[in-house]
Amino acid sequence: MSSSSTADTADAGGAASNTNNGNNRQKPKASEEKIRVAVRIRPLNPREASSSEHGAVWKANESNEIVQTNVDGTHEAGHDVYAFGRTFDERSTTRQVYDGIGKSIVSDVVRGYHG
């Protein structure tokens with residue numbers, strides 16, 4: 001039965017690496033390992049907007065939360081509120097979403113990090 005060992009080391013520049021069975025891999029920095037969740041609220045489509053069946057809609061606020069509100073924009077107790085790393089409201093363009101979150105993900109993937 002063979003055993004393997006794992007050792008963490010740091011080079012003179014402070015970069016950590018993981019040695020596993022002789023393979024050297026550099027660990028990503030902690031800030032690059034975080035999972036951030038973003039949400040974009042889309043506008044109601046024409047069928048939804050003309051329907052009287054929906055009693056609540058979702059709105060993004062400045063605190064990166066989405067809040068369930070009445071169609072008239074008022075918030076009642078008992079409606080849901082969810083927090084995210086980043087929120088985009090129904091007026092946000094695809095370019096704003098890309099600049100806000102997509103560009104850094106694409107850059108990391110090109111550099112070899114997981115998106």
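This is a predicted model: local features need pLDDT of at least 70, side-chain atom pairs count only at pLDDT 80 or more; totals for chains, interfaces and linings use all residues.
1. Arg 111 and Asp 108 form a salt bridge, their closest N and O atoms lying 2.3 Å apart; the term denotes a side-chain nitrogen of Lys or Arg within 4 Å of a carboxyl oxygen of Asp or Glu. The structure holds five salt bridges.

2. Residues are numbered from 1 along each chain as its sequence is written, and side-chain values use heavy atoms, with hydrogens and water left out.

3. The protein chain contains three helices and eight strands. Helices (H or I, at least four residues) and strands (E, at least two) are DSSP runs, numbered from the N terminus. Read from the N terminus, the order of the elements is β-β-β-α-β-α-β-β-β-β-α.

4. Of the 115 residues in the protein chain, 16% are buried. Here buried means under 20% relative accessible area, exposed means over 50%, and partly exposed covers the values in between (1.4 Å probe, protein chains only). The accessible surface of the protein chain comes to about 9000 Å², and 50% of this surface belongs to carbon and sulfur atoms. Accessible areas come from the Shrake-Rupley method with a 1.4 Å probe, and for residues only the protein chains shown count as cover.

5. Contacts (heavy atoms within 4.5 Å) also deserve a remark. Among those in the protein chain between residues at least 6 apart in sequence, 26% join residues at least 24 apart.

6. A further salt bridge joins the side chains of Glu 90 and Lys 59, at 3.3 Å from N to O. This pair links distant parts of the chain, 31 residues apart: Glu 90 lies in the loop between strand E8 (86-88) and helix H3 (94-110), and Lys 59 in strand E5 (residues 56-60). Glu 90 is partly exposed, with a relative accessible area of 23%, and Lys 59 is likewise partly exposed, at 33%.

7. The loop between E8 and H3 also holds Ser 92. At 12% relative accessibility, Ser 92 counts as buried. Apart from its neighbours within four places in sequence, Ser 92 is in contact with Arg 40 and Val 97.

8. Within helix H3, Lys 103 and Asp 99 are four residues apart, a separation of about one helical turn. The two residues form a salt bridge whose closest N and O atoms are 3.6 Å apart. Lys 103 is partly exposed at 44% relative accessibility, as is Asp 99 at 40%. A network of salt bridges links Arg 95, Asp 99 and Lys 103.

9. Tyr 98, Val 106 and Val 110 make a nonpolar surface patch of about 280 Å². Patches are made of residues with over 30% relative accessible area and no salt bridge; like charges are joined within 9 Å, and nonpolar side chains (Val, Leu, Ile, Met, Phe, Trp, Tyr) within 5 Å. Val 110 is found in helix H3 and counts as exposed, at 70% relative accessibility.

10. The structure holds one aromatic pair. Trp 58 and Tyr 82 form this pair, which is tilted, with 5.8 Å centre to centre and 45° between the planes. Trp 58 lies in strand E5 and Tyr 82 in strand E7 (residues 81-83), so the pair ties together parts that are 24 residues apart in sequence. Rings of Phe, Tyr and Trp (its six-membered ring) pair if their centres lie within 6.5 Å; planes under 30 degrees apart count as stacked, over 60 as edge-to-face and the rest as tilted. Both partners are classed as partly exposed: Trp 58 has a relative accessible area of 31%, and Tyr 82 one of 40%.

11. Strands E5 and E6 run antiparallel and are joined by five bridges; two strands pair if DSSP finds at least two bridges between them. Ala 60 stands opposite Ile 66 in E6.

12. Four residues lie between its strands, and Asn 64 takes a positive phi near 60°. Most residues other than glycine have a negative phi. Asn 64 is placed in the loop between E5 and strand E6 (65-70) and is partly exposed, with a relative accessible area of 25%.
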